[in-house]
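Here are my notes for when you open the model.

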Amino acid sequence: MANAQRNYFELFGLEPNFFVDQKDLSSKLKRLLQSAHPDRHAQGGSQQQMLAMQKTTRLNDAFAVLKHPVKRAQYLLQIEKDIDTTKDHTVNDPEFLMQQLELREELDNLTQQKDASALMDFADKIEMMAEEQETALGELFKQDDWDLEALKVSIYKLQFLHKTLHDIELAEDKILD
Amino acid sequence: MALLQISEPGQSTEPHKHKLAAGIDLGTTNSLIATVRSGKAETLADADGKHTVPSVVHYVDSETIEVGHKAKQQQSIEPGNVISSIKRLMGRGLADMDKIKEFSANQLVESDTGMPGVVLENGIEKNPVEVSSDILRVLADRAEETLGGELGGIVITVPAYFDEAQRQATKDAAQLAGLKVLRLLNEPTAAAVAYGLDTGSEGIHAIYDLGGGTFDISILRLQKGVFEVLATGGDSALGGDDFDRAIAQYLVEQANVDSGDRRAHQLAMIKARDIKEALTDTDTVEVNFLEWNGQMSRDQVEEIIAPIVDKTLLSCRRTLKDAGVKVDEVDKVVMVGGSTRVPLVREKVEKHFKVPPLTDIDPDKVVAIGAAIQANVLIGNKSDDDMLLLDVIPLSLGVETMGGLAEKIIPRNTPIPIAKAQEFTTFKDGQTAMAIHVVQGERELVEDCRSLARFELRGIPPMVAGAARIKVTYQVDADGLLQVLAEETTSGVKADITVKPSYGLSDDQITNMLQSSFSHAEGDMEARMLREQKVEAARVIEAVTAALNENGKELLTEQEYAAIQSSLEQLNQTSQGDSVEAIEKAIEIVEKNSNEFASRRMDASIAKALVGHEVDEI
């Protein structure tokens with residue numbers, strides 16, 4: 001009769017872990033939706049349809065979190081250590097701060113020049129940095145005793161790179177218009 | 001209200017009863033209705049064998065209306081009493097009218113729907129929901145006559161790029177026509193269903209849908225009956241009519257027509273359409289328009305319309321990017337909409353995607369056919385496959401923040417249904433109310449986005465500035481329709497919300513409009529409602545009892561079990577009486593008591609889907 005909601009990993013029949021097989025996750029989502037999606041309950045009453053919508057909403061939400069390395073890492077720290085890393089926090093790493101500034105400046109320049117192909121190269125560069133950072137974060141999660149401070153910093157760095165990628169997309173949109 | 005009937009996917013709870021359902025393509029220029037008969041989806045024709053119904057309504061007088069071909073014929077005779085292209089006005093406000101070229105400003109007035117009303121020469125005034133509803137009713141009548149029974153439900157297609165207000169207006173129109181909407185389905189998704197099921201095709205598909213008044217591009221992944229929309233884009237105010245308009249503009253210039261001559265402009269539009277259609281098969285065409293006689297070549301017309309086609313390709317590029325798909329990963333391109341018959345469109349699309357576009361299914365009918373297939377599944381007629389449509393929200397939903405900026409709460413192309421919550425706080429000591437402005441669109445400034453609704457959250461307990469925690473939740477359902485809830489969480493006090501949709505009808509308005517059309521049959525209505533309520537009660541009792549017997553003992557505490565059972569007994573007694581409200585109330589109590597049980601049952605069934613499959617695989 002346990003009333004506690006199952007966490008996002010459990011919804012997908014997974015152990016809480018930073019490493020998630022994306023292909024498996026995506027095929028599981030489809031299987032779960034085959035049974036949960038409101039279209040499968042169209043002949044049920046309004047209450048059943050409402051429940052189906054809520055369950056599907058939660059599955060979609062869970063999928064979005066488990067798919068994204070930053071959100072997944074944040075969620076993992078939340079459920080395992082009760083630490084909220086989604087709010088703003090400062091990183092005391094002068095080298096990283098310097099790099100942050102430089103990257104933002106580069107993005108601003110490229111946006112002003114409206115140079116779509118240079119912007120794409122820039123995106124490739126950031127993407128590579130993000131991949132490296134994700135690997136580093138994975139290494140930290142592999143340790144038996146999590147170094148919480150290091151994890152927080154690593155998540156923040158990865159978050160910054162993803163935010164930059166998002167901003168590049170926005171800049172590309174503007175150039176396309 | 002079959003509360004707890006959880007049937008296996010694709011399996012009807014009443015396998016022997018074939019229910020009538022239809023798919024409707026409610027287009028800007030033409031509309032169609034289709035249904036599944038003997039396992040095959042097909043569009044339905046009128047007595048003359050014509051499938052398409054021009055989306056044109058002629059309001060002859062306050063009693064008589066004509067819809068379709070007859071109305072279209074009247075268009076050149078008395079254009080002042082004929083309404084066409086009404087879809088362009090759905091969910092729009094008077095302020096949007098500069099973008100909408102079909103209606104002249106003096107025809108339009110403010111109506112109490114927030115949408116413009118159209119005033120005809122004979123003094124009749126109609127709002128867009130009413131006009132659309134008149135078209136839907138004619139289509140539904142055709143289906144009911146052909147099928148010999150009342151429709152149990154319909155699926156109506158909408159452009160994927162339709163925003164919230166446009167979707168809601170479409171649903172309102174169906175409700176006004178007395179039709180039950182099973183689902184609003186995006187047009188490209190419908191086309192993908194028709195196409196995918198017909199050919200068994202898998203992989204990444206681009207659906208290029210250029211209709212009369214709207215353009216949509218959707219990127220889908222088709223895999224084992226699952227139609228997963230990866231991204232969708234387009235322009236809800238761009239279509240083949242813009243080709244006609246560009247050509248008409250040329251004609252008008254050649255013939256030196258006065259810019260205020262509405263009649264001549266309308267004739268030019270009709271002429272332009274003829275020219276466009278003629279040039280699909282031939283290279284040059286003779287043109288006689290008013291004082292001007294001349295020739296137009298295909299090259300010449302292509303030059304006129306090329307900028308419009310290029311605009312659609314720009315949308316394609318952006319949508320591919322959103323989908324995270326590269327152009328060479330697209331396996332197939334499916335063409336939908338009458339305007340894709342234009343050779344230049346096909347050429348340019350082929351060049352862009354580097355694959356020859358597919359036109360196997362009649363591009364005019366493919367959307368209605370897909371809608372009919374989905375309607376047949378949703379009404380509960382057994383379907384052989386585990387067809388499942390996973391769609392996305394086309395435009396970002398946001399909220400106005402300080403300085404007139406729009407902050408995104410749900411970004412575009414998020415799979416639906418979805419819910420997102422955002423926290424806000426008060427900025428003044430003792431503040432007890434807060435205004436929330438819901439917007440839709442991609443732009444940074446609120447004034448560039450579409451205003452969907454303004455909420456006022458009242459009754460916040462007085463606190464110091466910044467102490468209140470106001471949680472605003474956006475919930476988008478499977479139709480792509482939004483519901484917004486607001487709550488002050490620190491005090492646990494649920495504040496009142498007043499919702500005023502910027503466009504569209506309130507529930508009261510719909511009820512009033514429905515009642516005024518049914519008022520003569522009020523007595524019948526009451527008797528019918530009581531009958532329906534009793535049937536409903538019987539169904540609830542049967543369903544909940546069956547669920548209790550199946551796994552009530554397993555999933556419920558004794559107390560919970562007893563509570564549900566006593567509310568069932570109560571309902572059973574109440575349903576012997578003849579008070580509609582009392583029965584309604586008793587059903588509500590059963591639902592309230594059994595909600596958690598239903599939720600646990602559904603969780604168990606969903607979890608089983610995962611486990612069951614894994615066992616299968618071993």
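What distance separates the centres of domain 2 of chain B and domain 4 of chain B? The answer is in point 2.

1. First, a word on what you're looking at: this is a predicted model. Please read everything below with that in mind.

2. Chain B comes out as four domains in the assignment. Domain 1 is written in two pieces, 21–236 and 327–390, and domain 2 covers 240–306. Domain 3 runs over 397–504, and domain 4 over 515–617. As for the opening question, the centres of domains 2 and 4 of chain B sit 61 Å apart, going by C-alpha atoms.

3. Over on chain A, UniProt has a feature called "domain: J" at residues 7–79, from an unreviewed entry. In the model that stretch of chain A is 71% helix, with 0% strand. Its end C-alpha atoms lie 8 Å from each other.

4. Now for where the two chains touch. Chain A puts in 30 residues and chain B puts in 34. On the chain A side, the elements giving two or more residues are α2 (22–36) and α3 (46–67). Which of the elements gives the most to that side? It's α3(A), with 11 residues. By type, the chain A side splits into 13 polar, 10 nonpolar and 7 charged residues.

5. Back in chain B, have a look at the open sheet of 3 strands, ordered β8-β9-β10 with antiparallel pairing. β8 (108–110) and β10 (125–126) of chain B are the edge strands, and each has a single partner, so one side of each has no neighbour in the sheet. β9 (residues 116–119) of chain B is joined to β10(B) by 2 bridges, the two strands running antiparallel. If you want a pair to click on, Val119(B) is opposite Glu125(B) of β10(B).

6. Last, a helix pair in chain B. How do α5 (residues 240–254) and α6 (residues 262–278) of chain B cross? Their axes come within 8 Å, at roughly 115°, and the crossing is right-handed. From α5(B), the contact includes Phe243(B), Ile247(B), Ala248(B) and Leu251(B). From α6(B), the residues include His265(B), Ala268(B), Met269(B), Ala272(B) and Ile275(B). The contact of α5(B) with α6(B) counts 9 nonpolar, 5 charged and 1 polar residues. Among the contact residues you'll also find Asp244(B) and Arg245(B) on α5(B), and Lys271(B), Arg273(B) and Lys276(B) on α6(B).

Note on methods. Residues numbered from 1 in each chain as written. Chains lettered and ligands numbered in written order. Predicted model: local features only at pLDDT ≥ 70, side-chain atom pairs only at ≥ 80, totals over all residues. Domains from an automatic or database assignment. UniProt positions renumbered as here; feature names shortened; annotations may be inferred. Helix = DSSP H or I, 4+ residues; strand = E, 2+ residues; numbered from the N terminus. Contact = placed C-beta atoms within 7 Å. Nonpolar A, V, L, I, M, F, W, Y, C, P; charged D, E, K, R; others polar. Pairing = 2+ DSSP bridges. Axes fitted to C-alpha atoms, helices over the stretch in contact; angles between N-to-C directions. Left-handed = near helix turned anticlockwise from the far one by under 90°.
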